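Here is a friendly tour of one chain, written for someone who likes to know the cut-offs behind each term. Please keep the model open beside the text while you read.

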Amino acid sequence: MTITPSDLPDPVDTSDNTAALAGVKRVIEAGPYEASWESLQRYRAPLWYHDGKFGIFLHWGVFSVPAFEDEWYSRNMYLQGSKPFEHHVATYGSQRSFGYKDFIPSFTMDKFQPDDWAALFKEAGAQFVVPVAEHHDGFALYDTDRSRWSVTQMGPCQDVFRNLGDAVDRAWMVMGASSHRAEHWFFMNGGSRFDSDVRDPAYADFYGPAQREEIAPNERFLEDWLLRCVEIVDKYRPQIFYFDWWIESAAFEPYLRRFAAYYYNRAAEWGREVVINFKWNAFAPGSAVYDIERGAMGGIRDEVWQSDTSVSRTAWSWVEGHDYKNAHELIAELADTVSKNGVLLLNVGPKPDGTIPEEERRLLQAIGEWLTRNGEAIYGSRPWTIPGEGPTELAVGSFVDSTSPEYTAADIRFTTRTDVTGDYVYATLLAHPEDGVARIRSFGSGAGLLTRPVREVRVLGSDDEVEWRRSAESLDVTLPTQEQTAAGPVVRLYLEDETRPPRVDFLHG
């Protein structure tokens, strides 16, 4: 069906933000954080986040209805000459007669079961869940007072964001939120170049501003962006707030400082510790948690960081014909990220009826099975002296997951932990050894990296004692017979207590 102006709820007047901005100012002035980078750099990431290591990202929205190419359908369907443009005309007709807005009634979420989602994410081993609150398309996946274009007034006609958050909370996981609103300044501008519904003033509050990419956003848009972020914070109290790109544009800088001070101060009122995720150089170092999209770090980073990636190489949202990664690849990404002091946020894309595709369910379950056995090497761990060893070269930086490395059993990632029982070092093999022997060169006496004797060697998931031998070249461990999971085994070293030599008395004669 197509939408006409008479089908829409009443428009929302957001032209005067004076009172709302005054409220933001009061929270900032109350402290403890000021809207300056110097003040915000006093921030420290919470222990629950640093220890949790693994979360679920969710790209759901109107774009999952056409389910063509990727979640940028709302932009690309208006870019003349693009595949989505041609697909749209061939499938639905002209963009004047059937625009992006006309997909909204088919975004029903009628089979959405939030407790089922939460149970699946918990089975996968996730410690937090970060659904998109608003993507570039401008359709709010939460109950907003700043727009009529939201899930509570159109499409599902229910607060699916609240329902999921409540289910996540009941499952003892942490709820977050993701904002991609910044790019909406220009996102629909292709439709302004020809006769499309983007030009229709009746829908300007949805498609607009639809400005050129080269033009910095004006104050009204920036104020609205800030107040939408503040609204999510106040209504839902997310403990993670993820930002997508383009906020690194210079115009956003003072608004980012104001938002961070507001969010951190509100969290202090709640008695909760929170996280802001950012990309590129949008925030000052140390003022929030740095994120790399679809990427990897080259080595150990002193401060905790995050990698966000998806189960699919094709898209973040549900589309037909995904090029899925396999569970082995995803677990290797998790192990590599954690070995370098990172946290992995893994995305799935629900269908418009509110179901999670079966292949994505199976991938999450396989990760959870591996973590059930080997999570001791992941959760609550910290980087070891080096992150890993092995012959396989790993591409680093952002957007490097178009292909995955062919890991061998010689590719290993390391973590460590200290708890009340002592000190441990873990070696996660990124593949199963064909001969059943784990050979770890960095644990060899000649490497000089293990500075204390080994008290015990175990393989996670097995109670059997294992045969092991340490030489100058390596530590060789004969792996016990056990059912293989989607990725390689983990060898755990229990280290002897550190001895302190007796002090020589130079003080008394």
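## Ground rules

Two strands count as paired if DSSP finds at least two bridges between them. Helices (H or I, at least four residues) and strands (E, at least two) are DSSP runs, numbered from the N terminus.

This is a predicted model, in which local features need pLDDT of at least 70 and side-chain atom pairs count only at pLDDT 80 or more, while totals for chains, interfaces and linings use all residues. Residues are numbered from 1 along each chain as its sequence is written, and side-chain values use heavy atoms, with hydrogens and water left out.

## The chain as a whole

The secondary structure comes to 12 helices and 16 strands. The radius of gyration, taken over C-alpha atoms, is compared here with a globule rule of 2.2 Å times the number of residues to the power 0.38. For 509 residues a compact globule would come out near 23 Å, and the chain, at 25 Å, agrees with that. Along the principal axes, the C-alpha atoms fill a box of roughly 90 × 60 × 40 Å.

Contact means heavy atoms within 4.5 Å. Of the contacts with a separation of 6 or more, 74% are between residues 24 or more positions apart. For burial, the scale is relative accessible area: buried is under 20%, exposed is over 50%, and partly exposed lies in between (1.4 Å probe, protein chains only). By that scale, 59% of the 509 residues are buried.

## Surface and charge

Accessible areas come from the Shrake-Rupley method with a 1.4 Å probe, and for residues only the protein chains shown count as cover. The chain exposes about 21,200 Å², and carbon and sulfur atoms supply 48% of this area.

In the charge count, Lys and Arg are positive and Asp and Glu negative, with His and the chain ends not counted. Each charge is placed at NZ of Lys, CZ of Arg, CG of Asp or CD of Glu. There are 50 positive and 78 negative charges, and their mean positions are 3 Å apart.

How many of the six residues of strand 7 are buried? Six of the six are, so strand 7 (residues 305-310) is largely enclosed by the rest of the structure. In a regular strand the side chains alternate between the two faces of the sheet. Here W305, S307 and T309 point one way, Q306, D308 and S310 point the other way, and all are buried.

Strand 7 has parallel partners to look at. Strand 6 (residues 289-293) runs parallel to strand 7 and is joined to it by three bridges; D291 has Q306 of strand 7 as its bridge partner. Strand 8 (residues 342-348) also runs parallel to strand 7, with six bridges between them, and S310 stands opposite N347 of strand 8.

## Helix 11 and what follows

H328 sits in helix 11 (residues 327-339). With 25% relative accessibility, H328 counts as partly exposed. Leaving out residues up to four places away in sequence, H328 touches L430, A431, A486 and A487. One of these, A431, is 103 residues from H328 along the chain, yet their C-alpha atoms are separated by 8.2 Å.

The loop between helix 11 and strand 8 holds N341. Its relative accessible area of 3% makes N341 buried.

Most residues other than glycine have a negative phi, and most peptide bonds are trans. N341 has a positive phi, near 75 degrees. Phi of R237 is also positive, near 50 degrees. R237 lies in the loop between helix 9 and strand 4 (240-243) and is partly exposed, with a relative accessible area of 47%.

Where are the cis peptide bonds to check? One joins G31 and P32, with omega about 15 degrees; P32 is in the loop between helix 1 (18-30) and helix 2 (37-40). Another runs from G208 to P209, with omega near 5 degrees, and P209 falls in the loop between helix 8 (204-207) and helix 9 (219-236).

## An antiparallel group

Strand 15 (residues 475-478) runs antiparallel to strand 12 (residues 437-440), and four bridges join them. Within this pair, A438 stands opposite V477 of strand 15.

Strand 14 (residues 468-470) also pairs with strand 15 in the antiparallel sense, over three bridges. R470 stands opposite L475 of strand 15. Strands 14 and 15 form a hairpin, with four residues between them.
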